[in-house]
Amino acid sequence: MTETATLRRTALHATHHSHKAKMVDFGGWDMPVQYRGLIEEHMAVRERVGLFDVSHMGDIQLRGPNSLAAVQKLLMNDASKLQTGQAHYSAMLYPNGTFVDDVVLHKLGDNDYLIVINAGTREKDVAWVRSVIGGMTGVHVNDFSDYYTQLAIQGPKAEATLQKLTGVDLKPIKNYWFTWGQVCGCHNVMIARTGYTGEDGFEIYIPSDEPTSSRVWGEVLAAGEEFGIIPCGLGARNTLRLEAAMALYGHEISDTLNVFEANLGRYCKLDKGTDFVGREALAKIQADGGPSKKLVGLEMVERGIGRDGYPVLSLDGAKIGEVTSGSPAPFLKKNIALAYVPIAFTEVGTEVAVEVRGLPVKAVVVPTPFYKRPKITTPPITAPLS
Amino acid sequence: MSYPEKYKYAKSHEWLNIDGETGIVGITDYAQSSLGDIVFVELPKVGQQIEAGSTFGSVESVKAVSDLYSPATGTVTEINEALNSAPETINTAANDTWLIKLTLTNTDDANALLSATDYEKFVSEETGH
(Lines give C-alpha, C1' and ligand atoms only; values in the text may rest on other atoms or scores of the structure.)
Protein backbone atom coordinates (compact mmCIF):
# COMPACT_ATOMS: atom_id res chain seq x y z
CA MET A 1 0.00 0.00 0.00
CA THR A 2 2.86 2.36 -0.76
CA GLU A 3 0.82 4.31 -3.31
CA THR A 4 -1.77 5.48 -0.80
CA ALA A 5 0.99 6.86 1.43
CA THR A 6 1.29 9.82 -0.92
CA LEU A 7 -2.45 10.53 -0.90
CA ARG A 8 -3.75 13.17 1.47
CA ARG A 9 -6.01 12.18 4.31
CA THR A 10 -8.72 13.96 6.23
CA ALA A 11 -8.81 13.85 10.04
CA LEU A 12 -11.48 11.14 9.72
CA HIS A 13 -9.32 8.72 7.74
CA ALA A 14 -9.05 6.19 10.59
CA THR A 15 -12.78 6.55 11.26
CA HIS A 16 -13.57 5.65 7.64
CA HIS A 17 -11.39 2.55 7.93
CA SER A 18 -13.16 1.56 11.12
CA HIS A 19 -16.44 1.68 9.14
CA LYS A 20 -14.74 -0.58 6.53
CA ALA A 21 -15.25 2.05 3.85
CA LYS A 22 -13.99 1.38 0.34
CA MET A 23 -11.42 4.11 -0.32
CA VAL A 24 -10.46 5.76 -3.62
CA ASP A 25 -8.06 8.42 -4.84
CA PHE A 26 -10.18 11.51 -5.37
CA GLY A 27 -8.16 14.50 -6.60
CA GLY A 28 -5.14 13.33 -4.62
CA TRP A 29 -7.16 12.47 -1.50
CA ASP A 30 -7.73 9.02 -0.03
CA MET A 31 -11.51 9.28 0.40
CA PRO A 32 -14.39 6.89 1.12
CA VAL A 33 -16.29 6.08 -2.09
CA GLN A 34 -18.82 3.94 -0.24
CA TYR A 35 -19.44 2.30 3.11
CA ARG A 36 -22.21 -0.29 2.88
CA GLY A 37 -23.45 0.38 -0.64
CA LEU A 38 -23.89 3.28 -3.01
CA ILE A 39 -27.61 2.83 -3.70
CA GLU A 40 -28.43 2.43 0.01
CA GLU A 41 -26.44 5.58 0.82
CA HIS A 42 -28.07 7.53 -2.01
CA MET A 43 -31.56 6.51 -0.86
CA ALA A 44 -30.77 7.37 2.77
CA VAL A 45 -30.13 10.98 1.73
CA ARG A 46 -33.27 11.22 -0.42
CA GLU A 47 -35.54 9.61 2.18
CA ARG A 48 -33.89 10.07 5.59
CA VAL A 49 -30.43 11.49 6.33
CA GLY A 50 -26.81 10.79 5.44
CA LEU A 51 -23.45 11.98 6.80
CA PHE A 52 -20.50 12.85 4.52
CA ASP A 53 -16.90 13.77 5.30
CA VAL A 54 -16.18 16.63 2.90
CA SER A 55 -13.08 17.91 4.67
CA HIS A 56 -11.12 17.67 1.43
CA MET A 57 -12.90 20.83 0.29
CA GLY A 58 -10.74 23.96 0.62
CA ASP A 59 -11.48 27.22 2.42
CA ILE A 60 -9.98 30.59 1.48
CA GLN A 61 -10.71 33.63 3.61
CA LEU A 62 -10.46 37.19 2.29
CA ARG A 63 -10.43 39.95 4.89
CA GLY A 64 -9.80 43.66 5.01
CA PRO A 65 -11.37 46.93 3.86
CA ASN A 66 -10.94 45.99 0.19
CA SER A 67 -12.15 42.41 0.51
CA LEU A 68 -15.47 43.09 -1.25
CA ALA A 69 -13.65 44.75 -4.16
CA ALA A 70 -11.30 41.73 -4.28
CA VAL A 71 -14.17 39.23 -4.27
CA GLN A 72 -15.99 41.21 -6.97
CA LYS A 73 -12.89 41.13 -9.19
CA LEU A 74 -12.27 37.43 -8.54
CA LEU A 75 -15.77 35.95 -8.81
CA MET A 76 -18.54 36.14 -11.42
CA ASN A 77 -21.59 36.50 -9.15
CA ASP A 78 -22.49 39.84 -7.48
CA ALA A 79 -21.13 39.63 -3.93
CA SER A 80 -22.46 43.11 -3.08
CA LYS A 81 -25.93 41.51 -2.86
CA LEU A 82 -24.89 39.19 -0.02
CA GLN A 83 -25.82 39.97 3.56
CA THR A 84 -23.79 38.78 6.53
CA GLY A 85 -24.73 35.16 7.08
CA GLN A 86 -25.62 34.56 3.45
CA ALA A 87 -23.85 32.44 0.83
CA HIS A 88 -24.17 31.97 -2.92
CA TYR A 89 -22.89 29.87 -5.79
CA SER A 90 -20.20 31.56 -7.88
CA ALA A 91 -17.07 30.82 -9.90
CA MET A 92 -13.52 32.01 -10.53
CA LEU A 93 -12.89 32.41 -14.25
CA TYR A 94 -9.95 32.71 -16.57
CA PRO A 95 -9.84 35.81 -18.82
CA ASN A 96 -11.47 33.77 -21.65
CA GLY A 97 -14.54 33.01 -19.49
CA THR A 98 -13.68 29.36 -18.73
CA PHE A 99 -13.47 27.97 -15.20
CA VAL A 100 -10.66 28.05 -12.66
CA ASP A 101 -13.18 26.52 -10.24
CA ASP A 102 -16.75 26.82 -9.03
CA VAL A 103 -17.14 27.98 -5.43
CA VAL A 104 -19.59 28.87 -2.70
CA LEU A 105 -18.97 32.36 -1.36
CA HIS A 106 -19.97 33.08 2.25
CA LYS A 107 -20.19 36.62 3.67
CA LEU A 108 -18.88 36.18 7.22
CA GLY A 109 -19.18 39.89 7.99
CA ASP A 110 -18.40 43.28 6.51
CA ASN A 111 -14.94 43.00 4.94
CA ASP A 112 -14.80 39.28 5.64
CA TYR A 113 -15.53 36.52 3.08
CA LEU A 114 -15.03 32.76 2.96
CA ILE A 115 -14.69 30.99 -0.40
CA VAL A 116 -15.25 27.23 -0.29
CA ILE A 117 -13.38 25.56 -3.15
CA ASN A 118 -12.95 22.07 -4.62
CA ALA A 119 -10.41 19.56 -3.30
CA GLY A 120 -8.65 18.68 -6.54
CA THR A 121 -8.06 22.33 -7.40
CA ARG A 122 -6.92 23.63 -4.00
CA GLU A 123 -3.34 24.69 -4.79
CA LYS A 124 -4.27 26.03 -8.21
CA ASP A 125 -7.14 28.02 -6.68
CA VAL A 126 -5.09 29.54 -3.87
CA ALA A 127 -2.35 30.51 -6.34
CA TRP A 128 -5.00 32.00 -8.65
CA VAL A 129 -6.57 34.07 -5.87
CA ARG A 130 -3.16 35.40 -4.89
CA SER A 131 -2.25 36.25 -8.49
CA VAL A 132 -5.54 38.02 -9.25
CA ILE A 133 -5.64 40.15 -6.14
CA GLY A 134 -1.94 40.17 -5.37
CA GLY A 135 -1.50 43.81 -6.31
CA MET A 136 -4.45 45.03 -4.27
CA THR A 137 -4.01 46.71 -0.91
CA GLY A 138 -6.42 46.36 2.00
CA VAL A 139 -7.13 42.67 1.53
CA HIS A 140 -5.53 39.69 3.21
CA VAL A 141 -5.76 36.15 1.84
CA ASN A 142 -5.65 33.15 4.18
CA ASP A 143 -5.79 29.48 3.21
CA PHE A 144 -7.73 27.86 6.05
CA SER A 145 -8.32 24.58 4.20
CA ASP A 146 -6.56 22.43 6.78
CA TYR A 147 -8.18 24.13 9.76
CA TYR A 148 -11.62 22.63 9.32
CA THR A 149 -13.21 19.23 9.26
CA GLN A 150 -16.25 19.82 7.06
CA LEU A 151 -19.20 17.50 7.61
CA ALA A 152 -22.26 17.45 5.38
CA ILE A 153 -25.48 16.26 7.02
CA GLN A 154 -27.97 15.87 4.18
CA GLY A 155 -31.54 14.70 3.77
CA PRO A 156 -35.08 15.47 4.96
CA LYS A 157 -34.09 14.47 8.52
CA ALA A 158 -30.86 16.52 8.54
CA GLU A 159 -32.40 19.36 10.54
CA ALA A 160 -33.91 17.02 13.14
CA THR A 161 -30.55 15.23 13.48
CA LEU A 162 -28.39 18.33 13.86
CA GLN A 163 -30.94 20.06 16.11
CA LYS A 164 -30.22 17.45 18.79
CA LEU A 165 -26.56 18.56 18.87
CA THR A 166 -26.89 22.34 19.03
CA GLY A 167 -28.72 25.02 20.96
CA VAL A 168 -29.00 27.12 17.79
CA ASP A 169 -32.53 27.11 16.40
CA LEU A 170 -31.97 25.66 12.92
CA LYS A 171 -35.46 26.13 11.54
CA PRO A 172 -35.10 29.85 10.68
CA ILE A 173 -31.85 29.26 8.73
CA LYS A 174 -32.88 29.57 5.10
CA ASN A 175 -31.35 27.71 2.19
CA TYR A 176 -27.85 29.10 1.47
CA TRP A 177 -27.72 31.03 4.77
CA PHE A 178 -25.53 30.21 7.75
CA THR A 179 -24.88 31.10 11.35
CA TRP A 180 -22.46 30.21 14.13
CA GLY A 181 -23.08 28.35 17.35
CA GLN A 182 -22.14 25.53 19.64
CA VAL A 183 -22.28 22.07 18.09
CA CYS A 184 -21.29 18.96 20.08
CA GLY A 185 -19.59 21.24 22.62
CA CYS A 186 -17.45 23.03 20.01
CA HIS A 187 -17.83 26.79 20.10
CA ASN A 188 -18.43 29.10 17.13
CA VAL A 189 -19.04 26.35 14.64
CA MET A 190 -20.16 27.62 11.25
CA ILE A 191 -23.51 25.96 10.46
CA ALA A 192 -24.54 26.45 6.84
CA ARG A 193 -27.73 25.28 5.12
CA THR A 194 -25.80 24.22 2.03
CA GLY A 195 -24.91 20.98 0.28
CA TYR A 196 -24.24 19.13 -2.93
CA THR A 197 -27.02 16.56 -2.97
CA GLY A 198 -30.13 18.41 -4.15
CA GLU A 199 -31.61 17.72 -0.73
CA ASP A 200 -32.15 19.88 2.34
CA GLY A 201 -29.19 19.73 4.68
CA PHE A 202 -26.35 21.39 6.53
CA GLU A 203 -22.60 21.67 6.31
CA ILE A 204 -20.73 22.26 9.55
CA TYR A 205 -17.13 23.38 9.95
CA ILE A 206 -15.49 21.97 13.07
CA PRO A 207 -11.86 22.00 14.27
CA SER A 208 -9.77 19.57 12.22
CA ASP A 209 -7.94 17.79 15.03
CA GLU A 210 -8.54 14.02 14.95
CA PRO A 211 -10.11 13.57 18.40
CA THR A 212 -12.68 16.34 17.84
CA SER A 213 -13.40 15.25 14.27
CA SER A 214 -14.02 11.61 15.15
CA ARG A 215 -16.01 12.53 18.27
CA VAL A 216 -18.35 14.87 16.36
CA TRP A 217 -18.69 12.32 13.52
CA GLY A 218 -19.76 9.71 16.08
CA GLU A 219 -22.17 12.07 17.84
CA VAL A 220 -23.88 12.99 14.55
CA LEU A 221 -24.32 9.29 13.71
CA ALA A 222 -25.71 8.63 17.18
CA ALA A 223 -28.09 11.60 16.99
CA GLY A 224 -29.35 10.50 13.59
CA GLU A 225 -29.75 6.84 14.50
CA GLU A 226 -33.47 7.21 15.28
CA PHE A 227 -33.95 8.68 11.77
CA GLY A 228 -31.93 5.97 10.03
CA ILE A 229 -28.73 7.95 9.34
CA ILE A 230 -25.83 6.19 7.62
CA PRO A 231 -22.35 7.39 6.58
CA CYS A 232 -22.24 8.13 2.85
CA GLY A 233 -19.30 8.15 0.44
CA LEU A 234 -18.31 10.08 -2.63
CA GLY A 235 -20.08 7.54 -4.85
CA ALA A 236 -23.49 8.54 -3.50
CA ARG A 237 -22.43 12.19 -3.39
CA ASN A 238 -21.78 11.97 -7.14
CA THR A 239 -25.09 10.30 -8.07
CA LEU A 240 -27.00 12.68 -5.76
CA ARG A 241 -25.46 15.77 -7.34
CA LEU A 242 -26.00 14.32 -10.81
CA GLU A 243 -29.74 13.80 -10.17
CA ALA A 244 -29.80 17.45 -9.05
CA ALA A 245 -27.76 18.38 -12.19
CA MET A 246 -25.10 20.19 -10.15
CA ALA A 247 -21.78 20.73 -11.95
CA LEU A 248 -18.60 18.85 -11.05
CA TYR A 249 -15.25 20.44 -11.87
CA GLY A 250 -13.38 18.46 -14.54
CA HIS A 251 -16.69 17.19 -15.93
CA GLU A 252 -19.39 19.81 -16.61
CA ILE A 253 -17.00 22.72 -16.04
CA SER A 254 -13.30 23.07 -16.80
CA ASP A 255 -10.68 25.38 -18.28
CA THR A 256 -12.00 24.58 -21.77
CA LEU A 257 -15.71 25.26 -21.10
CA ASN A 258 -17.21 28.68 -20.54
CA VAL A 259 -20.01 29.93 -18.29
CA PHE A 260 -22.68 30.13 -21.00
CA GLU A 261 -21.84 26.70 -22.40
CA ALA A 262 -22.18 25.28 -18.89
CA ASN A 263 -25.62 26.90 -18.53
CA LEU A 264 -24.47 28.85 -15.47
CA GLY A 265 -25.21 32.30 -16.84
CA ARG A 266 -27.73 32.97 -14.07
CA TYR A 267 -24.86 33.06 -11.55
CA CYS A 268 -22.77 35.36 -13.75
CA LYS A 269 -23.54 39.06 -13.31
CA LEU A 270 -21.98 40.85 -16.28
CA ASP A 271 -23.69 44.09 -15.18
CA LYS A 272 -22.78 44.04 -11.48
CA GLY A 273 -21.00 47.36 -11.92
CA THR A 274 -17.45 46.15 -11.38
CA ASP A 275 -15.14 44.37 -13.75
CA PHE A 276 -14.19 40.75 -13.05
CA VAL A 277 -11.82 38.29 -14.63
CA GLY A 278 -13.58 36.73 -17.62
CA ARG A 279 -16.25 39.44 -17.97
CA GLU A 280 -14.99 40.97 -21.19
CA ALA A 281 -14.75 37.62 -23.00
CA LEU A 282 -18.20 36.57 -21.82
CA ALA A 283 -19.77 39.90 -22.82
CA LYS A 284 -18.33 39.39 -26.29
CA ILE A 285 -19.62 35.81 -26.52
CA GLN A 286 -23.06 37.08 -25.53
CA ALA A 287 -22.93 39.96 -28.02
CA ASP A 288 -21.89 37.53 -30.77
CA GLY A 289 -25.02 35.45 -30.23
CA GLY A 290 -24.08 33.10 -27.39
CA PRO A 291 -22.26 29.79 -27.30
CA SER A 292 -22.37 27.18 -30.08
CA LYS A 293 -22.83 24.24 -27.70
CA LYS A 294 -24.54 23.79 -24.35
CA LEU A 295 -24.88 21.41 -21.45
CA VAL A 296 -28.13 19.43 -21.51
CA GLY A 297 -29.73 16.64 -19.52
CA LEU A 298 -30.24 13.30 -21.27
CA GLU A 299 -32.36 10.36 -20.31
CA MET A 300 -31.56 7.02 -21.91
CA VAL A 301 -34.58 5.70 -23.79
CA GLU A 302 -33.16 2.36 -24.89
CA ARG A 303 -31.42 -0.17 -22.67
CA GLY A 304 -27.91 1.05 -21.83
CA ILE A 305 -26.04 3.40 -19.55
CA GLY A 306 -24.32 6.48 -20.95
CA ARG A 307 -21.22 7.21 -18.91
CA ASP A 308 -18.56 9.92 -18.51
CA GLY A 309 -16.71 10.48 -21.79
CA TYR A 310 -19.08 8.48 -24.04
CA PRO A 311 -19.75 10.13 -27.44
CA VAL A 312 -23.17 11.67 -28.15
CA LEU A 313 -24.44 11.01 -31.68
CA SER A 314 -27.19 12.44 -33.84
CA LEU A 315 -29.75 9.86 -35.00
CA ASP A 316 -27.91 9.62 -38.34
CA GLY A 317 -24.79 8.53 -36.48
CA ALA A 318 -22.63 11.67 -36.58
CA LYS A 319 -20.69 12.52 -33.43
CA ILE A 320 -22.14 15.75 -32.01
CA GLY A 321 -20.93 15.86 -28.43
CA GLU A 322 -19.84 14.07 -25.30
CA VAL A 323 -21.27 12.90 -21.98
CA THR A 324 -19.62 14.71 -19.05
CA SER A 325 -21.32 12.68 -16.30
CA GLY A 326 -23.58 9.69 -16.80
CA SER A 327 -24.90 7.07 -14.43
CA PRO A 328 -27.88 5.08 -13.32
CA ALA A 329 -29.91 7.41 -11.06
CA PRO A 330 -30.70 5.39 -7.94
CA PHE A 331 -33.70 7.47 -6.79
CA LEU A 332 -35.18 8.23 -10.21
CA LYS A 333 -34.47 4.69 -11.39
CA LYS A 334 -33.50 5.93 -14.85
CA ASN A 335 -30.20 6.15 -16.69
CA ILE A 336 -29.32 9.83 -16.90
CA ALA A 337 -26.46 11.93 -18.22
CA LEU A 338 -25.24 15.47 -18.61
CA ALA A 339 -23.73 16.15 -22.04
CA TYR A 340 -22.50 18.92 -24.29
CA VAL A 341 -24.35 19.15 -27.62
CA PRO A 342 -24.63 21.81 -30.38
CA ILE A 343 -27.39 24.41 -29.81
CA ALA A 344 -29.55 22.76 -32.52
CA PHE A 345 -29.87 19.67 -30.28
CA THR A 346 -30.61 21.39 -26.96
CA GLU A 347 -34.40 21.59 -27.12
CA VAL A 348 -36.23 19.35 -24.65
CA GLY A 349 -37.57 16.30 -26.48
CA THR A 350 -34.77 16.17 -29.06
CA GLU A 351 -33.76 12.58 -29.77
CA VAL A 352 -30.08 11.72 -29.86
CA ALA A 353 -27.99 8.60 -29.18
CA VAL A 354 -25.17 7.84 -26.81
CA GLU A 355 -22.49 5.52 -28.12
CA VAL A 356 -22.19 2.76 -25.54
CA ARG A 357 -19.15 0.60 -26.29
CA GLY A 358 -19.49 0.98 -30.04
CA LEU A 359 -23.29 0.84 -30.32
CA PRO A 360 -25.73 3.77 -30.49
CA VAL A 361 -28.28 3.76 -27.66
CA LYS A 362 -31.21 6.18 -27.97
CA ALA A 363 -31.58 9.04 -25.49
CA VAL A 364 -33.75 12.14 -25.25
CA VAL A 365 -33.04 15.69 -24.06
CA VAL A 366 -34.94 16.29 -20.80
CA PRO A 367 -35.27 19.32 -18.50
CA THR A 368 -32.75 19.72 -15.67
CA PRO A 369 -32.50 19.25 -12.76
CA PHE A 370 -33.55 15.63 -13.21
CA TYR A 371 -34.57 15.64 -9.54
CA LYS A 372 -36.11 18.46 -7.55
CA ARG A 373 -36.82 17.91 -3.89
CA PRO A 374 -40.45 18.18 -2.85
CA LYS A 375 -41.43 21.48 -1.24
CA ILE A 376 -41.90 21.16 2.48
CA THR A 377 -45.58 21.59 3.16
CA THR A 378 -47.12 22.08 6.56
CA PRO A 379 -49.42 19.18 7.29
CA PRO A 380 -53.06 20.28 6.99
CA ILE A 381 -54.83 20.98 10.23
CA THR A 382 -57.42 18.28 10.46
CA ALA A 383 -60.71 19.13 12.06
CA PRO A 384 -61.30 17.32 15.34
CA LEU A 385 -63.76 14.48 15.08
CA SER A 386 -67.10 15.63 16.32
CA MET B 1 -16.14 -13.82 0.81
CA SER B 2 -16.66 -17.45 -0.08
CA TYR B 3 -15.42 -19.50 -3.04
CA PRO B 4 -17.00 -22.94 -3.51
CA GLU B 5 -14.42 -25.75 -3.77
CA LYS B 6 -16.14 -27.40 -6.74
CA TYR B 7 -15.81 -24.30 -8.98
CA LYS B 8 -12.79 -23.31 -11.04
CA TYR B 9 -11.74 -19.66 -11.19
CA ALA B 10 -10.33 -17.27 -13.78
CA LYS B 11 -7.96 -14.43 -12.84
CA SER B 12 -10.52 -12.15 -14.50
CA HIS B 13 -12.86 -13.10 -11.61
CA GLU B 14 -15.36 -15.46 -13.24
CA TRP B 15 -16.18 -18.91 -11.88
CA LEU B 16 -16.82 -22.05 -13.95
CA ASN B 17 -18.89 -24.95 -12.70
CA ILE B 18 -18.47 -28.01 -14.90
CA ASP B 19 -21.35 -30.44 -15.14
CA GLY B 20 -20.44 -33.09 -17.71
CA GLU B 21 -20.19 -31.27 -21.06
CA THR B 22 -21.89 -28.19 -19.70
CA GLY B 23 -20.02 -25.21 -18.25
CA ILE B 24 -21.92 -22.82 -16.01
CA VAL B 25 -20.40 -19.34 -15.64
CA GLY B 26 -20.82 -16.66 -13.00
CA ILE B 27 -18.75 -13.92 -11.38
CA THR B 28 -17.00 -14.34 -8.06
CA ASP B 29 -17.96 -12.94 -4.69
CA TYR B 30 -14.85 -10.78 -4.85
CA ALA B 31 -15.93 -9.40 -8.26
CA GLN B 32 -19.42 -8.45 -7.09
CA SER B 33 -18.02 -6.85 -3.95
CA SER B 34 -15.49 -4.72 -5.87
CA LEU B 35 -18.12 -3.63 -8.37
CA GLY B 36 -20.70 -2.62 -5.79
CA ASP B 37 -24.43 -2.36 -6.57
CA ILE B 38 -24.94 -4.16 -9.91
CA VAL B 39 -27.62 -2.55 -12.06
CA PHE B 40 -27.13 -3.92 -15.56
CA VAL B 41 -25.96 -7.13 -17.20
CA GLU B 42 -25.32 -7.62 -20.90
CA LEU B 43 -25.12 -11.23 -22.08
CA PRO B 44 -24.45 -12.96 -25.43
CA LYS B 45 -27.11 -14.66 -27.56
CA VAL B 46 -27.89 -18.34 -27.34
CA GLY B 47 -25.92 -20.15 -30.04
CA GLN B 48 -23.00 -17.76 -29.95
CA GLN B 49 -19.51 -19.28 -29.93
CA ILE B 50 -17.18 -17.90 -27.31
CA GLU B 51 -13.48 -18.41 -26.78
CA ALA B 52 -11.74 -18.87 -23.46
CA GLY B 53 -10.34 -15.49 -22.40
CA SER B 54 -12.52 -13.45 -24.76
CA THR B 55 -15.26 -11.06 -23.66
CA PHE B 56 -18.81 -12.37 -23.77
CA GLY B 57 -20.68 -9.48 -22.13
CA SER B 58 -20.48 -6.89 -19.43
CA VAL B 59 -21.74 -6.18 -15.98
CA GLU B 60 -22.36 -2.64 -14.72
CA SER B 61 -22.61 -1.23 -11.24
CA VAL B 62 -23.75 2.31 -10.52
CA LYS B 63 -20.21 3.59 -10.89
CA ALA B 64 -18.41 1.17 -13.23
CA VAL B 65 -18.55 -1.12 -16.26
CA SER B 66 -16.68 -4.39 -16.20
CA ASP B 67 -16.21 -6.76 -19.13
CA LEU B 68 -16.97 -10.43 -18.66
CA TYR B 69 -14.32 -12.90 -19.89
CA SER B 70 -15.19 -16.47 -20.63
CA PRO B 71 -13.30 -19.02 -18.54
CA ALA B 72 -13.80 -21.66 -21.27
CA THR B 73 -14.42 -22.15 -24.99
CA GLY B 74 -17.86 -23.30 -26.08
CA THR B 75 -21.32 -22.55 -27.44
CA VAL B 76 -23.86 -20.58 -25.41
CA THR B 77 -26.89 -22.80 -24.71
CA GLU B 78 -28.70 -20.66 -22.17
CA ILE B 79 -28.53 -17.18 -20.66
CA ASN B 80 -29.94 -16.13 -17.31
CA GLU B 81 -32.84 -13.90 -18.45
CA ALA B 82 -33.85 -13.18 -14.85
CA LEU B 83 -30.82 -10.89 -14.57
CA ASN B 84 -32.45 -8.36 -16.94
CA SER B 85 -34.96 -7.44 -14.27
CA ALA B 86 -33.02 -8.40 -11.13
CA PRO B 87 -29.28 -7.90 -11.71
CA GLU B 88 -28.80 -7.21 -7.98
CA THR B 89 -29.13 -10.95 -7.23
CA ILE B 90 -25.45 -11.16 -8.27
CA ASN B 91 -24.62 -8.99 -5.25
CA THR B 92 -26.66 -11.04 -2.83
CA ALA B 93 -25.64 -14.49 -4.16
CA ALA B 94 -22.69 -14.37 -6.57
CA ASN B 95 -21.91 -18.07 -6.16
CA ASP B 96 -25.46 -19.18 -6.93
CA THR B 97 -26.25 -16.71 -9.72
CA TRP B 98 -25.17 -18.02 -13.08
CA LEU B 99 -24.85 -15.79 -16.15
CA ILE B 100 -24.55 -18.24 -19.05
CA LYS B 101 -24.41 -21.96 -19.74
CA LEU B 102 -22.06 -23.35 -22.39
CA THR B 103 -21.55 -26.61 -24.18
CA LEU B 104 -17.83 -26.93 -23.63
CA THR B 105 -15.65 -27.56 -26.67
CA ASN B 106 -12.93 -28.97 -24.48
CA THR B 107 -13.47 -29.83 -20.81
CA ASP B 108 -9.68 -29.60 -20.32
CA ASP B 109 -10.05 -25.80 -20.41
CA ALA B 110 -10.70 -26.03 -16.69
CA ASN B 111 -7.11 -27.16 -16.11
CA ALA B 112 -5.89 -23.69 -16.97
CA LEU B 113 -8.08 -22.20 -14.21
CA LEU B 114 -7.43 -21.74 -10.50
CA SER B 115 -8.74 -23.82 -7.63
CA ALA B 116 -10.76 -22.07 -4.91
CA THR B 117 -7.70 -21.95 -2.63
CA ASP B 118 -5.42 -20.57 -5.33
CA TYR B 119 -8.01 -18.02 -6.40
CA GLU B 120 -8.42 -16.80 -2.83
CA LYS B 121 -4.62 -16.47 -2.60
CA PHE B 122 -4.57 -14.61 -5.94
CA VAL B 123 -7.22 -12.15 -4.72
CA SER B 124 -5.43 -11.46 -1.47
CA GLU B 125 -2.18 -10.82 -3.35
CA GLU B 126 -3.95 -8.57 -5.82
CA THR B 127 -5.68 -6.47 -3.17
CA GLY B 128 -2.93 -6.55 -0.57
CA HIS B 129 -5.23 -7.72 2.23
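**Exercise 1.** In which order do the 6 strands of the open sheet in chain A run?

*Solution.* A word on conventions first: this is a predicted model, where local features need pLDDT of at least 70, side-chain atom pairs count only at pLDDT 80 or more, and totals for chains, interfaces and linings use all residues. Residues are numbered from 1 along each chain as its sequence is written, while chains are lettered from A and ligands numbered from 1 in the order in which they are written.

Step 1: read off the order, β10-β11-β12-β9-β3-β13, with mixed pairing. Strands here are DSSP runs of E, at least two residues, and helices are runs of H or I, at least four, numbered from the N terminus; two strands pair if DSSP finds at least two bridges between them.

Step 2: find the edges. β10 (178–183) and β13 (230–231) of chain A each pair on one side only.

Step 3: zoom in on β10(A). It runs antiparallel to β11 (residues 186–192) of chain A, joined by 5 bridges, and Phe178(A) sits opposite Ala192(A) in β11(A).

**Exercise 2.** Work out how domain 1 of chain A meets domain 2 of chain A.

Step 1: look at the contacts (C-beta atoms, placed from the backbone, within 7 Å). 16 residues of domain 1 of chain A touch 18 residues of domain 2 of chain A.

Step 2: ask who contributes. On the domain 1 side, α2 (38–47) and α7 (234–243) of chain A each supply at least two residues, and α2(A) gives the most, with 4 residues.

Technical notes. Contact = placed C-beta atoms within 7 Å.
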